[in-house]
Amino acid sequence: MKITFLGQAGFLLEKNGKKILIDPYLSDNVKNFNPKNYRRQPIEERFLNIAPDVIVITHAHLDHYDKETLKHYFIKDSKISVLCPNSVWQDVRNYGGDNNYILFNALTSVSLFGLKFTAVKAEHSDEYAIGVVVSDKKDNYYFTGDTLYNENIFKTLPTKRFKAVFLPINGVGNNMNVKDAIRFIKKLKVKNVVPCHFGLFDEMTGYEFCVKGAIVPEIYKEIKL
């Protein structure tokens, strides 16, 4: 699995010629609603020109469900499988077209292109917010989405070990801060840990997350696990 960090909580996954986007935020849309949250990193438009096979949106907040970004992908005959919880699903279907809008609430699993996508609980200000576990025949990758530390999350996770976990560390907007993210990852006992949700609207570097196995991602670059 090739995984590229797109900034904030956005990732591009590539496997067997298929492209999966998770929470792509490739605009400066949040600034229009909150000027202090302007984008600190430039937009690389090459990521707006790809043709994704799957898009996963974990919740309805602008830096995850970004219509300015999605309009580049939802075009005529795009045929995208769109996985999203109820808070997004009720709206995203207005794009219409021949995309497959799949209601993807917690505990739902969907098999696509030789991969399994499993929605898991997230504790966030969007009551329908989810994390997602992406599994191929060999490995499991857990993207927590925006979430606080919550013991009930662990009850919804698959029993298999994760090759990598991707989790927020900025502690703003009902997300885990660094200390809580460390507690979260110790509970999972995972080898590779990738912090996210930093550096786009703030001055965090990711290196504040000091834990064994941490891999601080660089925006628009492949994450080497």
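**Burial, ring pairs and cysteines**

Student: Why is F166 called buried in this predicted model?

Tutor: F166 has a relative accessible area of 1%, and because buried means under 20%, the residue falls into that class.

Student: And what makes F11 buried or exposed?

Tutor: The relative accessibility of F11 is 1%, which is again under the 20% limit, so F11 counts as buried.

Student: How many aromatic pairs are there, and what makes F11 and F166 one of a particular kind?

Tutor: The count comes to 14 aromatic pairs. In the pair formed by F11 and F166 the ring centres are 5.1 Å apart and the planes stand at 70 degrees; since a pair requires centres within 6.5 Å and planes over 60 degrees apart count as edge-to-face, the pair is edge-to-face.

Student: Why is the pair of F154 and F184 called tilted?

Tutor: Their centres lie 4.9 Å apart with the planes at 35 degrees, and because stacked needs an angle under 30 degrees and edge-to-face one over 60, tilted is the class that remains. F154 sits in helix α3 (residues 151-155) and F184 in helix α4 (residues 178-188), so this pair ties together parts that are 30 residues apart in sequence.

Student: How do you know whether F154 and F184 are buried or exposed?

Tutor: F154 has 16% relative accessibility and F184 has 0%; with the limit for buried at under 20%, F154 counts as buried, and so does F184.

Student: What makes R93 a charge over the ring of W89?

Tutor: The charged end of R93 is 3.7 Å from the ring centre of W89, which meets the requirement of being within 6 Å. R183 likewise lies over the face of Y149, at 4.0 Å from the ring centre.

Student: How do you know that C84 is in no disulfide?

Tutor: The count comes to 0 disulfides. For C84, the nearest cysteine sulfur, that of C196, is 19 Å away, whereas a disulfide needs sulfur atoms within 2.5 Å. C210 is in no disulfide either, with the sulfur of C196 nearest at 16 Å.

Student: Are C84 and C210 buried or exposed?

Tutor: C84, at 0% relative accessible area, is buried, while C210, at 60%, is exposed, because exposed means over 50%.

Methods: Residues are numbered from 1 along each chain as its sequence is written. This is a predicted model: local features need pLDDT of at least 70, side-chain atom pairs count only at pLDDT 80 or more; totals for chains, interfaces and linings use all residues. Side-chain values use heavy atoms; hydrogens and water are left out. Rings of Phe, Tyr and Trp (its six-membered ring) pair if their centres lie within 6.5 Å; planes under 30 degrees apart count as stacked, over 60 as edge-to-face and the rest as tilted. Buried means under 20% relative accessible area, exposed over 50%, partly exposed in between (1.4 Å probe, protein chains only). Helices (H or I, at least four residues) and strands (E, at least two) are DSSP runs, numbered from the N terminus. A charge sits over a ring if NZ of Lys or CZ of Arg is within 6 Å of the ring centre and within 35 degrees of the ring normal.
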